[in-house]
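Subject: The structure to look through

Hi,

Here is the structure I promised to pass on to you. Have a look at it first, and then read my notes below.

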Amino acid sequence: MLPTFRKHLVTLLLLTGTSVAASAQLFVNEFVASNTSGITDESGAFEDWIEIFNAGSSAVDLAGYYISDDPANPKLWRVAASDPAQTIIPAGGYLLLWADKDTDQGAHHVNLKLSADGESIVLTKPDGTTRVDAYTFGPQRENVSFGRVGDGAAAWDFFATP
């Protein structure tokens, strides 16, 4: 009886582990839509930014995913696959994307800008149709981030310190 139980337990653990690893839990977690004196990109410019959080138990490569500010056009910008070291989000980790329309600066720079008057942020899987996460926001404050109260949580609020 015990060997059969162990066999089923091992099978259950393997299936559970595979299921968890296969289902990435990515969230649009925090952003700034009016950055004039806050965090700077690698060139020292004050650019709007979007933070993606990986709540999953495995690393996720964001290369090939789409990011957009228009729900009607979820494939606005495809995250570059040219440098995997720049697009992998570790389990429980974050990736900052610069919303500056300056894609020549690397994989973290996306071809969109955020409106301080409000709009949407949409993250879509590489298939171009499966929405991973999205958030529609209203007017934003200069140099104040807006994000989930607790990583991946449902509630959102302003943060004086991003």
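From the N terminus on, the elements of the protein chain follow the order α-β-β-β-β-β-α-β-β-β-β-β-β-β. That makes two helices and twelve strands; both kinds are DSSP runs numbered from the N terminus, with at least four residues (H or I) for a helix and at least two (E) for a strand. Please keep in mind that this is a predicted model, in which local features need pLDDT of at least 70, side-chain atom pairs count only at pLDDT 80 or more, and totals for chains, interfaces and linings use all residues. Residues are numbered from 1 along each chain as its sequence is written, and side-chain values use heavy atoms, leaving out hydrogens and water.

The chain has 162 residues, and 38% of them count as buried. Here, buried means under 20% relative accessible area, exposed means over 50%, and partly exposed is in between (1.4 Å probe, protein chains only).

Now to the sheet. Six strands form an open sheet with mixed pairing, in the order β8-β7-β2-β1-β11-β12; two strands pair if DSSP finds at least two bridges between them. At the edges stand β8 (109–110) and β12 (156–159), each with a single partner strand, so one side of each has no neighbour in the sheet. Strand β7 (residues 94–99) and β8 run parallel and are joined by two bridges. One detail to find there: Trp98 has His109 in β8 as its bridge partner.

Next, the core. In soluble globular proteins, nonpolar side chains tend to be buried together. The largest nonpolar core has 24 residues, of which Phe31, Ile50, Ile52, Leu62 and Ile67 touch the most other members. (A nonpolar core is a set of buried Ala, Val, Leu, Ile, Met, Phe, Trp, Tyr and Cys residues joined through side-chain atoms within 4.5 Å.) At least two residues of this core come from each of β1, β2, β7, β9 (119–124) and β10.

Rings of Phe, Tyr and Trp (its six-membered ring) pair if their centres lie within 6.5 Å; planes under 30 degrees apart count as stacked, over 60 as edge-to-face and the rest as tilted. By this rule there are eight aromatic pairs. Tyr135 and Trp156 are stacked, because their ring centres are 3.8 Å apart and their planes are at 15°. Tyr135 lies in strand β10 and Trp156 in strand β12, so this pair ties together parts that are 21 residues apart in sequence. Trp156 also stacks with Phe146, with centres 5.7 Å apart and planes at 20°. Ring pairs link Phe31, Tyr135, Phe137, Phe146, Trp156 and Phe158 into a cluster.

Finally, a few loop residues. A polar atom of the Asn35 side chain lies 2.7 Å from the backbone oxygen of Glu47. Lys101, in the loop between β7 and β8, counts as exposed at 52% relative accessibility. Most residues other than glycine have a negative phi. Lys101, though, has a positive phi near 55°, and for Asn143 phi is positive too, near 60°. You will find Asn143 in the loop between β10 (131–137) and β11 (145–148).

Enjoy exploring!

Best wishes

Conventions
A polar contact is a pair of N or O atoms within 3.5 Å; within protein, one must be able to donate a hydrogen and the other to accept it, and residues adjacent in sequence count only if both atoms are side-chain atoms.
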